[in-house]
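Open the model in your viewer and keep the selection panel at hand.

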Amino acid sequence: MTIQSLSCDKLYRTASLHGLPEDCKSTKNLTPLDEIVGQERAQQAVEFAMSIKEKGYNIYAIGRNGLGKRTMVLRYLNRHDPNGNGHTLYDWCYVANFEEPRSPKILKLPAGRGHAFRKDIEKLMTRLVKALPLAFDNEMYYSRSEKLKNQLTQKQESALLTLTKEALERSVSLSVTTTGEYQLVALNGEEPHNEESFAALSEKEQKAFEETINDLERQLRGIVRQLTELEEEFSDKIQKLNTEIANDVVAHFFKVLFVSYKELPEVKAYLKAMQADILDNLDIFLEESEEQVALAYAALDKKMPRRYQINVLVSQPEQKFPIVVEESPNYHSIFGYVENATFKGTVFTDFSLIRAGSLHRANGGVLLMDAVKVLERPYVWDGLKRALRARKLSVSSLEKEVTLSGTISLDPEPIPLNVKIILFGDYQTYQLLQHYDPEFSELFRVTADFEDEMVRTDEAEVQYAQFISSIVNDNGMLHCDRKAIARIIEYSSRQADDQNKLSLHSADIANLLRETNYMAKSSNATMIRANHVDQALLSQEKRVSRLRDHVMQTFVNGTTLIDTQGEVVGQINGLSVISTSSHQFGAPNRITATTAYGNGEVFDIERSVDLGGRIHSKGVMILSAYLASLFGKTRRIPLTTHLTFEQSYGGVDGDSASMAELCAIVSAFSLVPLRQDVAITGSMNQFGEAQPIGGVNEKIEGFYDVCAIKGRTAQQGVIIPQSNVHNLMLRKDIVEAVEKGEFHIWAISHVSEAIEILTRQPAGILTAEGTYPLDSVLGQAQLKLNALRV
């Protein structure tokens, strides 16, 4: 029975766009898709995680780069209100702790009120700085303070006057020196004694003066203590007066604030503490020296107006769900940090220099990060886990975390943390975290697994067309006509390597559209058409195909030996795929098999010289097993076979050449030549059944191009497994060649069919007697093997 080659309609599935209305002529008539197409499973996972507020339901989004993971999540979050359960958002402020300056306090306000509170306090400080000095610069204050001062003076003078009189009565004068010290001196009449006059006195008189002066000094010390108490009493009265006057001013201004924030107990408590602190530190507002004022405003250890500032760490727009994307997740950018300031050579810090991190900004919402970037930065992963476990966010210095230094730093009060973390990463990173970090599964309980492809149906094609429309509209591109939409969908199927699938690698489609838009605009077109898409694809291929052109040149100049016509014993054209980081292409390889008298072994030269990979070695062992089942069921095969890929120097892996290798061995056994105008790809199992392989389109195209180089004939073609037919999305020129009968593609389900195509003879079916017909390929091989067994 002749095996029929595939018809051209099996080689390429065109996009019919049956689901689109006939009057839909371009993407201009399509509603842009507001979600990522084909990711329903991942979207449901995100919805589930966002609806659960309990600890640990964070998300790890798995998928290759370019699948639109971040775009899908952001679109979902922006479209749906995850805060629909009424979770309250807050503004978070750091304020001074008046009792312990090194431990700033956190102040929680309703969303959107943080900046308003800061402005209210700034207005209050501005007014107090002006009002308090004025309150102490008027006649009433001067009169009251002068009265107190006069009372002090009178009491001081009265006490000293009594002692002065007593001293005079006892011939001793009491005076005050220029340095402010009290001095008792013996008098000689009305004048003080000098050294000579005092020495002229009798010993009794001198002793009497000494006793008198000692007695007066004791009294003077008592009076000095009394004067000190009077001064302290005066200071207390002045302080009380100042407090009364300041309290009247401060209370007047604070009264408005207490009314404005009466429903916020925490704010009211802070305002009361601030009011008391201002009254305790009035000298801040009454300072006269400009330099001292500047220093007071700059230095941390001074009591100063900056201690009353409000550091609004996070201000949320009123009840707008916070969504933060952290592009550079280092320790400071996530957890915040404390800045240092310098004033006249002095480095200082305080609560007003605390800066927010992305976790602060995302508090109450969602923080999105790349998993690999998080793991690359030191201390970030441990800090993130610590914050999620404790559900608290502390601003701590990284230097304090990693060194033993005793540098003085702040210890701010931690902020309650309620946030969802979404990490984007690949499957390998996910496996590493699962295996090496036992806490990972507890903290990231939801996995959003993004698909690489989707089933291609009429409905899916419509969705894909809407997806194309959304890219066009979002980027302000020219609109695509109906044929251009169809061509892009066909390209997507080619990317998926399946007629019945569409690739979900949205980055590839977006890049193609950008380049197509450029091509259309360059030709002054008003709309993107199918020929512009083809131009963009050709341009893409040309940029990345240097290696392919180099390989094809080796066929042109004969460096790589290949036959595409005629017949040769033990020689066959296999097909392989060569991949670079951005491109893959197919190229044929000559595979040869030679035999020698032996014990039935298949000697794989590639494996012997360590150029064959493990999968290739497995394929050779499988074909060896099948070969033994064909010819060695009763007696050992008396031939040893040497099998190799000719001119292969870079290593071979994969089992897609196992059918080709078997055909070459059977040809070597039977001495029946194989067609060189036919190439074959496909693996096989131990029963000879053809198994699917990858890169089928590239392999067919590679052989077609080599045939064009070596000379085309109408009999040339490629054999592929039947299970690979649905993967065919071939180039237009190959489809046209098949349609004209100038190229052939055969799909087989068993290696025996390949033998028949390659030899143009029946493969042969085992009879009841355990032999093959003599007019078959296997029969001729058996005949020659039996001759060697005699």
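Does F603 count as buried, partly exposed or exposed? Select F603: with a relative accessibility of 39%, the residue counts as partly exposed. Buried means under 20% relative accessible area, exposed over 50%, and partly exposed in between, using a 1.4 Å probe and protein chains only.

Before moving on, note that this is a predicted model, where local features need pLDDT of at least 70, side-chain atom pairs count only at pLDDT 80 or more, and totals for chains, interfaces and linings use all residues. Residues are numbered from 1 along each chain as its sequence is written, and side-chain values use heavy atoms, with hydrogens and water left out.

**Stop 1: the surface patch**

Stay on F603, which sits in strand β23, residues 602-604. Helices (H or I, at least four residues) and strands (E, at least two) are DSSP runs, numbered from the N terminus. With F603 they make a nonpolar surface patch of about 240 Å². Such a patch takes residues with over 30% relative accessible area and no salt bridge; nonpolar side chains (Val, Leu, Ile, Met, Phe, Trp, Tyr) are joined within 5 Å, like charges within 9 Å.

**Stop 2: the whole protein**

Zoom out. The protein has 27 helices and 30 strands. Of its 790 residues, 48% are buried. Its accessible surface is about 39700 Å², and carbon and sulfur atoms hold 50% of that. Areas come from the Shrake-Rupley method with a 1.4 Å probe; for residues, only the protein chains shown count as cover.

**Stop 3: the largest pocket**

Select Y491, R494, Q495, L537 and E541. Among the 50 lining residues of the largest pocket, these lie nearest its centre. The pocket volume is about 1700 Å³. Now colour the elements that give two or more residues to this lining: α17 (482-496), α18 (506-522), α19 (530-544), α20 (546-556), β22 (584-597), α24 (696-710) and α25 (732-739).

On a 1 Å grid over the protein atoms alone, a pocket is an open set of points with protein on both sides within 12 Å along at least five of seven lines, while a cavity is a set where a 1.4 Å probe fits but cannot get out; lining residues have an atom within 4 Å of a point. Grid points are joined across faces, edges and corners, and a volume is the space filled by probe spheres set on the points.

**Stop 4: the cavities**

How many cavities of 30 Å³ or more does the structure hold? There are three. Select K53, R391, N418, V419 and K420, the closest to its centre of the 16 residues that line it.

**Stop 5: salt bridges**

Here a side-chain nitrogen of Lys or Arg lies within 4 Å of a carboxyl oxygen of Asp or Glu. The count is 26. Pick R529 and D481, which meet at 3.2 Å, N to O. The pair is 48 residues apart: R529 is in the loop between α18 and α19, D481 in the loop between α16 (458-474) and α17. D481 counts as buried at 10% relative accessibility; R529, at 37%, is partly exposed.

Next, R731 bridges to D733 at 3.1 Å. Finally, select D382, K385, R389, D437 and E439, a network of salt bridges.

**Stop 6: helix α26**

Select residues 751-759. Seven of the nine residues in α26 are buried, including V751 and E753. Just after α26, R760 has a positive phi of about 60 degrees.
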